[in-house]
Amino acid sequence: MAEARYQRLPNRAVDATDVIVLPVPYEQTVSYKGGTARAPETILAATEQLEYYDEDQRWSPFKYMGITVLAPFEKHPQEGERDFHRRLQQYAASLPAKPLLLALGGEHSITPDLVQGRMNAPGTVIVLDAHADLRREFEGSRFSHACPMHHLREAGHEILMVGVRSLLDEEARRIDGDPGLRCFLDRELQRPECWRALLDAIHALSGPAWLTIDMDVFNPAVVPGVGTPQPGGLSWYQALALIEACLFNQRLRLRGCDLVELVPEPSCVSAMTAAKLSHKLISWWGKSQRLDERLERGSQTEVDYH
Ligand SMILES: [Mn+2]
């Protein structure tokens, strides 16, 4: 099988790169629309259609940054769910700490493994998602895509949820009773003062953090290809504003991020949106780390890209 690439760029050695892309085509507990196992390869194929230039930050990030797409991390056919999740956590922990880890799911159940593998102390998990994902178990599995925020809160991380518009009364009560679970419901964000309060909350964050983006946080007209669509949701520019606030908060130390729950669909709009989102994440992280100053300092030669 051909080596996976991002925008057809050459893959750097993993210990000499700035961004590690980890495809995790994991699909075990999907409850509605299937197909998220095909998301990583579809998103990477869509990156070939992106321009290198980021019109927001006015630079071409890969002139300054190296990128590495790893081989897909797959579940062995005979492996149980528990063993898969343990192995994914160990693998995430084994990767070099300095580069940004960008995981492409796959279902949302991979997020706790990635976070636990990359953050050795409790921090903040910023979640863009239509669902609260706080169930203790779902359809007989503790590892369901409906449970990741429960596991992360149990592990001591503070959770900031954005865009939620589908939850159980039990989940709502849990959010109300736990100051470590902050939730900005999707409809509240229609009110300018609530949107402003969300941006203020993101600006006030500090310490180690992880950003997880369930693609169903978007309005389904923007991203129709998700496993469990919900009406309402973020616009493209709202999502960008939130990501920008996270990435340019200098007191937040982003350990990595993931894009999950995409289901490829014939129009390719959903995959292209995820691909462009990944490009913005990489570009803005690179800018926030001042990697654009490398050529001036002479510490990095320009990558040879077509
Ligand atoms: Mn969701």
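**Glu 139**

I started with Glu 139, which has 10 other C-beta atoms within 10 Å and is therefore exposed. This is a predicted model, and I read every value below as computed from it. I located Glu 139 in the loop between E4 and H4. I then checked its backbone: phi is near 50°, a positive value in a residue other than glycine. Most residues other than glycine have a negative phi, so I flagged this one.

**Arg 290**

Arg 290 has a phi of about 55° although it is not a glycine. I found Arg 290 in the loop between H8 and helix H9 (294–297). Is Arg 290 buried or exposed? It counts as exposed, because I get 10 C-beta neighbours inside 10 Å, and the cut-off for exposed is 12 or fewer.

**Gly 105 and Gly 106**

I went through the peptide bonds next. Most peptide bonds are trans. The bond joining Gly 105 and Gly 106 is cis, with omega about 10°. I place Gly 106 in the loop between E3 and H3. Helix H3 covers residues 111–118 and lies across E3, E4, E7 and E8. I noted its angle to E8 as about 155°.

**The sheet**

What is the strand order of the open sheet? I read E2-E1-E3-E8-E7-E4-E5-E6, 8 strands with parallel pairing. The edge strands are E2 and E6, each pairing on one side only. Neighbouring strands are turned by 15° against each other on average, direction ignored.

E1 and E2 run parallel and are joined by 3 bridges. Ile 20 has Thr 68 in E2 as its bridge partner.

**Strand E8**

I moved to E8, residues 252–260. Of its 9 residues, 8 are buried, so the strand is largely enclosed by the rest of the structure. I checked both pairings. E3 (residues 100–105) runs parallel to E8 and is joined to it by 4 bridges. E7 (residues 207–214) also runs parallel to E8, with 8 bridges between them.

Which residue of E8 is the bridge partner of Leu 102? I find Cys 257.

**Strand E5**

I repeated the search for E5, residues 158–164. I count it as mostly covered, with 6 of its 7 residues buried. Strand E4 (residues 124–128) pairs with E5 in the parallel sense over 5 bridges. Ile 126 stands opposite Leu 160 in E5. I also traced E4, helix H4 (residues 148–154) and E5, which make a right-handed β-α-β unit.

For the other pairing I looked at E6, residues 181–185. E5 and E6 pair in the parallel sense over 5 bridges. Val 162 stands opposite Phe 184 in E6. The chain crosses from E5 through helix H5 (residues 169–177) to E6, and this β-α-β crossover is right-handed.

**Ala 197**

From Phe 184 I went to Ala 197. The two are 13 residues apart in sequence and 9.3 Å apart in space, C-alpha to C-alpha. I find Ala 197 in helix H6, residues 192–203. Ala 197 counts as partly exposed because it has 14 C-beta neighbours inside 10 Å. Buried would need 20 or more.

**Helix H1 and helix H8**

I listed the contact. H1 gives Thr 42, Ile 43, Ala 46 and Thr 47, while H8 gives Ala 271, Met 272, Ala 274, Ala 275 and Ser 278. How many nonpolar, polar and charged residues does the contact of H1 with H8 have? I get 6 nonpolar, 3 polar and no charged residues.

I then checked how covered H1 is. It is mostly covered, with 7 of its 9 residues buried. I wrote these down as Ala 39, Pro 40, Thr 42, Ile 43, Leu 44, Ala 46 and Thr 47. What covers them includes strand E1 (19–24), strand E2 (67–69), E3 and H8.

Note on methods:
Residues are numbered from 1 along each chain as its sequence is written. This is a predicted model: local features need pLDDT of at least 70, side-chain atom pairs count only at pLDDT 80 or more; totals for chains, interfaces and linings use all residues. Helices (H or I, at least four residues) and strands (E, at least two) are DSSP runs, numbered from the N terminus. Two strands pair if DSSP finds at least two bridges between them. A crossover is right-handed if, with the strands pointing away from the viewer, the path from the first strand over the helix to the second runs clockwise. Two residues are in contact if their C-beta atoms, placed from the backbone, lie within 7 Å. Ala, Val, Leu, Ile, Met, Phe, Trp, Tyr, Cys and Pro count as nonpolar, Asp, Glu, Lys and Arg as charged, and the others, Gly among them, as polar. Axes are lines fitted to C-alpha atoms, for helices over the stretch in contact, and angles run from 0 to 180 degrees between N-to-C directions.
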